[in-house]
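Here is a short tour of one protein chain, written for reading beside the model. Keep the viewer open and follow along.

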Amino acid sequence: MKEDKRWIEWVRELQFLAQCGLAYSKNEFDIGRFQRIREIAAEMAGAGSGLPPEQVRDLFCGETGYQTPKLETRAAVFEDGKILLVREKNGKWSLPGGWVDVDQSVASNAVKEAREEAGLEVRAVRLIAIQDRRKHNLPEYIHGVCKVFVLCEAMGGEFQENMETTESRFFGLSEIPKLAEEKNNMDQIRMCFAAAADPQWNVLFD
């Protein structure tokens, strides 16, 4: 029987409603009710995902204000028709990227991630796509994520092992190694190749 994943949608909605209530409620009794709803959502997420309780609480109870999707960048850096990938600690490969820091723009975050994970100085050139992660990547996350793919130009530098990656290398489209598909899959890599080859590329968005 196919596993029913509707619980993820229910948890996501409960968390959203609870956080909105906490952001706008003034009545102390309402605040207490919304806090309890968020706790229930966290308990449901833990039971459904198998994550440790403290990790679930950090995910659900560490934010305030109106809840919006998290923003993530992925830098598509090309050299001689090949794309840059970095090797994660688990041995799989991905485009340099990560959550957008509060003091960064989309462009500057793509540059920062390429520097931190691949040791390269790059210039953000243009957008490739803005994607709703739920429509493209597995496994599904509890929280919403907007993935922004940015075409970048390498300016120099060299790889140095760091806390997140152990290697960086350029690959042709027929040479792509095993990907960290929760971050980027083969369809997304093909999309980046297509964008790099087309100066008139129209940004894709969900």
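How many of the 206 residues of the protein chain count as buried, as a percentage? The share is 38%, where buried means under 20% relative accessible area, exposed over 50%, and partly exposed in between (1.4 Å probe, protein chains only).

A word on the ground rules. This is a predicted model, so local features need pLDDT of at least 70 and side-chain atom pairs count only at pLDDT 80 or more, while totals for chains, interfaces and linings use all residues. Residues are numbered from 1 along each chain as its sequence is written, and side-chain values use heavy atoms, with hydrogens and water left out.

**The whole chain**

The protein chain holds five helices and eight strands, counted as DSSP runs (helices H or I, at least four residues; strands E, at least two) and numbered from the N terminus. Starting at the N terminus, the order is α-α-α-β-β-β-β-α-β-β-β-α-β. Along the principal axes, the C-alpha atoms fill a box of roughly 60 × 40 × 35 Å. Among contacts (heavy atoms within 4.5 Å) with a separation of 6 or more, 68% join residues 24 or more positions apart.

The UniProt record, an unreviewed entry, annotates residues 68–193 as "domain: Nudix hydrolase"; such annotations may be inferred rather than shown by experiment. Over residues 68–193 the chain is 17% helix and 44% strand, with the end C-alpha atoms 30 Å apart.

**A buried valine**

Now find Val77, in strand β1 (residues 70–79). Is Val77 buried or exposed? Val77 is buried, because its relative accessible area is 0%. Beyond neighbours within four places in sequence, the contacts of Val77 include Leu84, Val122, Cys152 and Phe170. Val77 and Phe170 are 93 residues apart in sequence, yet their C-alpha atoms are 8.7 Å apart in space.

**Charged pairs**

Side chains of opposite charge can pair when their charged atoms come close. The protein chain has 27 positive and 34 negative side chains, with Lys and Arg counted as positive, Asp and Glu as negative, and His and the chain ends not counted. The whole structure contains 17 salt bridges, each a side-chain nitrogen of Lys or Arg within 4 Å of a carboxyl oxygen of Asp or Glu.

Glu175 is partly exposed at 39% relative accessibility, and Lys82 is partly exposed at 31%.

Arg87 is in strand β2 and Glu167 in strand β7, and the pair links distant parts of the chain, 80 residues apart. Arg87 counts as partly exposed at 32% relative accessibility, as does Glu167 at 22%.

Arg123 sits in strand β5 (residues 120–132) and Glu153 in strand β6 (residues 145–157), so the pair ties together parts that are 30 residues apart in sequence. Arg123 is partly exposed at 43% relative accessible area, and Glu153 is partly exposed at 34%. Elsewhere, salt bridges that share partners join Asp101, Lys112, Glu113 and Glu116 into one network.

How values were computed
The place of a charge is taken as NZ of Lys, CZ of Arg, CG of Asp or CD of Glu.
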